[in-house]
Amino acid sequence: YDTEFRVLYDDAALYVGVHAYDKEPGRIVSLVTRRDQASPSDWIEVSIDSYRDRRTSFVFALNPAGVQRDWIIFDDVSTDLSWDAIWLSAARVTQDGWTAELRIPFNELRYSRAGDDSKMTWGFQLRRVVGRTNEDTVWSPWPQTNPYAARHYGTLDGLSKIPPRLRLALFPYAVASVNVMERG
C-alpha cells in the first residue's frame, strides 16, 4: 500500500501529515474505541527516538476514526503502555484512502539541548498497519522478528533552534475538612 508522509516543525511542535492510499477505501477498518485501546483497525504510528540513543522511543498512533494511542519503547524492544501524552490529531477517510495529521508538542518529548547553531538528529519511524489484511508497512525497514526495535529507525535531521521545554503538569484538586464540636 502506497503511503506518503511529510514532517514539519516550528518552535512548539513536530507536525506529521500522512496520506495512506487505498484502492478500496470502503474497506478501510475504522473502529471507534477508547483512547489507548488496541484494535484490529488501520493505524498510522509515528515513532521518535529524540535522544538518538537507539533504545528509547515515543510512539504516537492514530486510526481513521481519530482514536489515539501512545506508548514508550525502552531498552530498544520493551514497551510502557501506561504513558499518556497530550497531542493533537485528525484523521479522515478520503476517496483514495485516508489521511492522518499529528501535532506532537516538543514538551511531550525528551531530548538533549543542541547549541544555538547546531542541528539535532533524531531517530524516526513511520509504520502503517492495514487492518483488513494485517499488513505492516514501515518507512525504515526492520526485521520482522523484532517489530519495535528503535535501533532500526531512519534518521530525522536538520532540526534546529528547538528550545527546551518545561515539563510541568498541573492537576487541580480540592481538600476539605469538617470539625464537629458537641456541646456537652
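I began with Arg151, which at 40% relative accessibility counts as partly exposed. The model is a predicted one, and I kept that in mind for every distance noted below.

Asp76, for its part, is buried, with a relative accessible area of 6%.

I then turned to Ala149, whose place is in the loop between strand E10 (135-138) and strand E11 (154-160). I noted a relative accessible area of 0%, so Ala149 is buried. Leaving aside residues up to four places away in sequence, I found that Ala149 touches Asp76, Val77 and Trp142. I also recorded that 21 Å separates the C-alpha atoms of Ala149 and Asp84, which are 65 residues apart along the chain.

How many salt bridges does a search of the whole structure find? The search gave me 10. One of them joins the side chains of Arg132 and Asp22 at 2.8 Å, N to O. This pair also links distant parts of the chain, with Arg132 in the loop between strand E9 (119-130) and E10 and Asp22 in the loop between E2 and E3, 110 residues apart. Asp22 counts as buried at 5% relative accessibility, and I found Asp22, Glu24, Arg27 and Arg132 linked in a network of salt bridges.

Another salt bridge that I checked is formed by Arg127 and Glu45, with the closest N and O atoms 3.2 Å apart. Arg127 lies in strand E9 and Glu45 in strand E3, so this pair ties together parts that are 82 residues apart in sequence. I looked up the accessibility of both partners: Arg127 is buried at a relative accessible area of 10%, and Glu45 counts as buried at 5%.

Which side chain of opposite charge is nearest to Asp49? I found Arg52, at 4.6 Å; because a salt bridge requires a distance within 4 Å, Asp49 is buried yet has no salt bridge. Asp49 is found in strand E3 (residues 43-49), and its contacts, not counting residues up to four places away in sequence, include Arg54, Arg55, Trp122 and Tyr153.

Ser50 lies in the loop between E3 and strand E4 (57-62), and at 4% relative accessibility I count Ser50 as buried. A polar atom of the Ser50 side chain lies 2.3 Å from the backbone oxygen of Arg110.

Last, I traced an open sheet of 4 strands with the order E1-E2-E8-E7 and antiparallel pairing. Strand E1 (3-9) and strand E7 (88-94) are the edge strands, each pairing on one side only. Neighbouring strands of this sheet are turned by 10 degrees against each other on average, direction ignored. A hairpin joins E1 to E2 through 3 residues, and 7 bridges join E1 to strand E2 (residues 13-21), with Val18 in E2 as the bridge partner of Phe5. E7 pairs with strand E8 (residues 97-105) in the antiparallel sense over 7 bridges, and there I noted Arg103 as the bridge partner of Leu88.

Definitions and conventions: Residues are numbered from 1 along each chain as its sequence is written. This is a predicted model: local features need pLDDT of at least 70, side-chain atom pairs count only at pLDDT 80 or more; totals for chains, interfaces and linings use all residues. Side-chain values use heavy atoms; hydrogens and water are left out. Two strands pair if DSSP finds at least two bridges between them. Helices (H or I, at least four residues) and strands (E, at least two) are DSSP runs, numbered from the N terminus. Axes are lines fitted to C-alpha atoms, for helices over the stretch in contact, and angles run from 0 to 180 degrees between N-to-C directions. Buried means under 20% relative accessible area, exposed over 50%, partly exposed in between (1.4 Å probe, protein chains only). Contact means heavy atoms within 4.5 Å. Lys and Arg count as positive and Asp and Glu as negative; His and the chain ends are not counted. A polar contact is a pair of N or O atoms within 3.5 Å; within protein, one must be able to donate a hydrogen and the other to accept it, and residues adjacent in sequence count only if both atoms are side-chain atoms.
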